[in-house]
Amino acid sequence: MIITKIIGGLGNQMFQYAMGLSLAENNQTPLKLDLSQFTDYKLHNGFELSKVFNCSAETASVTQIETLLGICKYSFIRRILKNTYLKNLRPAQYVVEPFFGYWDGVNFLGDNVYLEGYWQSQKYFIDYESTIRTHFTFKNILSGENLKLSDRIKGSNSVSLHIRRGDYVTNKNNAFIGTCSLIYYQNAIEYFSTKIADPIFFIFSDDITWAKSNLRLANEHYFVGHNQGEDSHFDMQLMSLCKHHIIANSSFSWWGAWLNPSKDKIIIAPKKWFASGLNDQDLVPKDWLRI
């Protein structure tokens, strides 16, 4: 059995699920999810995977979690043993992501582990891409304004453009991430304006007012700001329908672009993902364009 701890917003949940599912498939063992952190979780929209996607993993029971964690079932012990210098004291079944970036130690894990981390690299699951895509098919049928937008997206050289501000701006704990610059977006817009015929831009943001006030767009474009709160996942669904993508330094638009199955898609990502300078070479696939 593989148990993966799920926490964070939808994009983070998808990385954690994809990592766990790939390891479970590789070991031909069931995947189960530890959702205990969502009991008092006040950020984002709580656990969303089963609401948004046709995921099939079951929730792990308390007994299953405690059996795998052993002595680490006690939260204060987990906090202590997360320290890299104490990793040798952890039970073999308790696997903590050792650093940000692809860790090849995953190739030596067995079929009975508890995973804790963010696992933000497609290298963890690319060998099971078709399976991941099956699990990440959207459950909800588009309607109303979203249906109208989807028709326009499918019938044009559509480019999704995502601006993530929100908690990146208001939460000082996210200062190490930072926001993408206006110059980044204008350069990306210019690139598509010269590389593809008649691009139409679909702008998704948690701060549409800022986007309208700052972006300069000569091409046809649409600002998509009506999917708020628990409906925000519809933005990812619409992004995935676009032909090409300009993503923010956000796992949300990362997945919106990745879920587009087209082999001809062009994806532009920021050259610098983190304001802190954290190494992000494994986060952005090599065939995406970074500017």
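Modeller: Happy to! Keep in mind that this is a predicted model. Let's begin with the charged side chains.

Colleague: Which residue pairs with Lys51, and how far apart are the closest N and O atoms?

Modeller: The partner is Glu48, with 3.8 Å between the closest N and O atoms. Glu48 is buried because its relative accessible area is 3%, under the 20% cut-off. Lys51, at 31%, counts as partly exposed.

Colleague: Which parts of the chain does the salt bridge between Lys123 and Asp282 link?

Modeller: That bridge spans 2.8 Å from N to O. Lys123 sits in the loop between strand E5 and helix H5, while Asp282 is in the loop between strand E10 and strand E11, 159 residues apart. Lys123 is partly exposed at 41%, whereas Asp282 is buried at 15%.

Colleague: And where do Glu220 and Arg152 lie?

Modeller: Glu220 and Arg152 form a salt bridge at 3.2 Å. Glu220 is in the loop between helix H9 and strand E8, and Arg152 is in helix H6, 68 residues away.

Colleague: Which residues make the nonpolar surface patch?

Modeller: Ile71, Tyr74, Phe76 and Ile80 make a patch of about 400 Å². Tyr74 lies in the loop between helix H3 and helix H4, and counts as partly exposed because its relative accessibility is 39%, between the 20% and 50% cut-offs.

How values were computed: Residues are numbered from 1 along each chain as its sequence is written. This is a predicted model: local features need pLDDT of at least 70, side-chain atom pairs count only at pLDDT 80 or more; totals for chains, interfaces and linings use all residues. Side-chain values use heavy atoms; hydrogens and water are left out. Patches are made of residues with over 30% relative accessible area and no salt bridge: like charges are joined within 9 Å, nonpolar side chains (Val, Leu, Ile, Met, Phe, Trp, Tyr) within 5 Å. Accessible areas come from the Shrake-Rupley method with a 1.4 Å probe; for residues, only the protein chains shown count as cover. A salt bridge is a side-chain nitrogen of Lys or Arg within 4 Å of a carboxyl oxygen of Asp or Glu. Helices (H or I, at least four residues) and strands (E, at least two) are DSSP runs, numbered from the N terminus. Buried means under 20% relative accessible area, exposed over 50%, partly exposed in between (1.4 Å probe, protein chains only).
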